[in-house]
Amino acid sequence: MTDILTQTALSEVRTVDPDHLAGAPLVLAQKVEKQFGTLKVLKGIDLAIPKGEVLCIIGPSGSGKSTFLRCINQLERIDGGALWVSGERVGYHREGNKLYELDDAAIARQRRSIGMVFQRFNLFPHLTALQNIIEGPVQVLGEPAREATARALALLERVGLADKRDAYPSQLSGGQQQRVAIARSLAMRPELLLFDEPTSALDPELVSEVLKVMRDLAETGMTMICVTHELGFARDVGHRVAFMDQGQIVELGDPRSVLVDPKETRTKAFINAVRH
Amino acid sequence: MIAESDNLIIVPRRHFGRIIGAAVVCLALAAIVRAFAVGQIEWNYVAEFLTVQAIMTGLVNTIVMAILAMLLGIALGVVFAVMRLSANPVLSMTAVGYIWFFRAVPALLQLLLWFNLALVFPTIGIPGLFSFKTVEVMTPFVAALLGLGIQQGAFTAEVVRAGLLSVDNGQYEAAQTLGMTRLKLLRRIIMPQAMRVIVPPIGNEFIGMVKLTSLASVIQFAEILHSAQNIYYANSRVIELLIVAAIWYLVVVTVLSLIQGRIEAYYARGVAAPAQR
Ligand SMILES: Nc1ncnc2c1ncn2[C@@H]1O[C@H](COP(=O)(O)OP(=O)(O)OP(=O)(O)O)[C@@H](O)[C@H]1O
Ligand SMILES: [Mg+2]
């Protein structure tokens, strides 16, 4: 399945107008560019991610992995190219051949269906684990508190923290905080989950508990983009792996071909460096 | 050498400096108490006037004015702090100008300006719709409220801004990622965390405000000092009535300090919570 995707999805969708495309990939990036001042951080990213895919992005520090994720949920604004999520153009509204910048409320609405898990967890420290999880559903989706609480408890169960519902983030270990953060994202019923190095701020013995939650999630068919240094996870869970370097996707393919038998010299060098 | 330490006796160090210091302080306190006891103060007058009607009214006015002026100050402070952090230069420069002006001009002078506004604008209103005579609108109460509240807003804005800046950027991003709009994000996520930094200085400012209301006595606002003065103009018990006013300020500020402690504990939740992993 993944082979067909890598070879055809991109070229196929590009021939059609993505603003009016039925059955489009969940995420579509076309020549996405981003720069900070004079520093070009993304130099034309092309990518199509179908629903249900787990894409792992690897690459050296500063290659633009985080920036790409942040562009998808509009924590950064792209300077060139275009992005679509769920068939909707990210950040703009199109009428005829004009693109209107979205206002605060519309951007907020677009972000609802995209969950993000951060390297540094970013739980709300003044709220308990349970309150962290129901904050979005109640405040943003307008869900009744009782319903949201019931769902939150089920989510806490799912990430193995049912007994921590009333703990504040400061009372949780890093791994536990990250699992609460994942539950918080899931509570919004996202169509897409973005992970930005979710385990790299964790002590080694806590990494596996977070990876397990992510693994389970992948099995449910959640569409996920994971920036990670855990090559083992990328190989076992990823449907495809992208290697990024200097603002470009250098190599993209199924995990084995990219991680075990890379074609590009830059990929080879990176994987050797990480392995040893 | 080491074995020797087994049967040695430890003689605690003597803190001669501290002992002498404590003795001096005790002597000074005793002297002060004695001075007030034998001084020309008729303590029975103090007791008598402590709860008279005029003083009670003054006390209520002081408390009401402090609360209202502080609320106005906090409301303005939040608005101008958010404006100051805005990307729009007109908004942020307006906030800078407001803070600059109202922090620089003494509160007493501002009170006098507001009270005498009629000299500048004999009438106020929207031309063609309505208008009032300024003298009638600008009562001592209104002038005191505006003067104290607006200058307080300038100080509070800086406190609130420091609070907002103290919240980690990741908190903004996490809240945005949940799909919160800017207002909701400030209200639900940022402000509650900023409060931990904001409350202690605001508590201080509130206590300052209670005392600052005494300035309003110069524009005939009947707060407690003004009431005390009115009484001593009549009966010449100057010191006794000043002591009455001082006692009430002590009471109000003490109560406020207790409340402040409670509020601080509330906003410290999640941070000062006992660790139990
Ligand atoms: N807000 C910003 N302002 C200026 N430069 C930035 C900003 N954010 C990122 N950069 C720069 O953009 C480049 C790419 O950063 P990015 O965080 O996307 O890299 P990354 O691939 O996620 O790296 P890492 O593996 O270290 O997280 C870096 O050179 C970084 O210094
Ligand atoms: Mg990064």
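Predicted model: local features only at pLDDT ≥ 70, side-chain atom pairs only at ≥ 80, totals over all residues.
Is B:E42 buried, partly exposed or exposed?

1. B:E42 counts as partly exposed, with a relative accessibility of 36%. Its salt-bridge partner is B:R237, and the closest N and O atoms of the two are 3.8 Å apart. The pair joins distant parts of chain B, 195 residues apart: B:R237 lies in the loop between α10 (224–235) and α11, and B:E42 in the loop between α1 (16–38) and α2 (43–49). B:R237 is likewise partly exposed, at 23%.

2. In chain A, A:R179 and A:E209 form a salt bridge with an N to O distance of 2.9 Å. A:R179 is buried because its relative accessible area, 11%, falls under 20%. A:E209, at 23%, is partly exposed.

3. A:R151 and A:E143 also meet through their side chains in a salt bridge of 2.9 Å, N to O. Here A:R151 is buried at 19% relative accessible area, and A:E143 is buried at 8%.

4. Over all chains, the structure contains 18 salt bridges. A network of such bridges links A:R70, A:E76 and B:E173.

5. The largest pocket has a volume of about 630 Å³. It is lined by 28 residues, of which B:I74, B:I202, B:G203, B:F206 and B:I263 are the closest to its centre. Helix α9 of chain B supplies the largest share of the lining, 10 residues. By class, the lining comprises 24 nonpolar, three polar and one charged residues.

Conventions: Residues numbered from 1 in each chain as written. Chains lettered and ligands numbered in written order. Heavy atoms only, no water. 1 Å grid on protein atoms, 1.4 Å probe; cavity = no way out; pocket = protein on both sides within 12 Å on 5 of 7 lines; lining within 4 Å. Points joined across faces, edges and corners; volume = space filled by probe spheres on them. Helix = DSSP H or I, 4+ residues; strand = E, 2+ residues; numbered from the N terminus. Nonpolar A, V, L, I, M, F, W, Y, C, P; charged D, E, K, R; others polar. Salt bridge = Lys/Arg side-chain N within 4 Å of Asp/Glu carboxyl O. Buried < 20%, exposed > 50% of the residue type's maximum accessible area, 1.4 Å probe, protein only.
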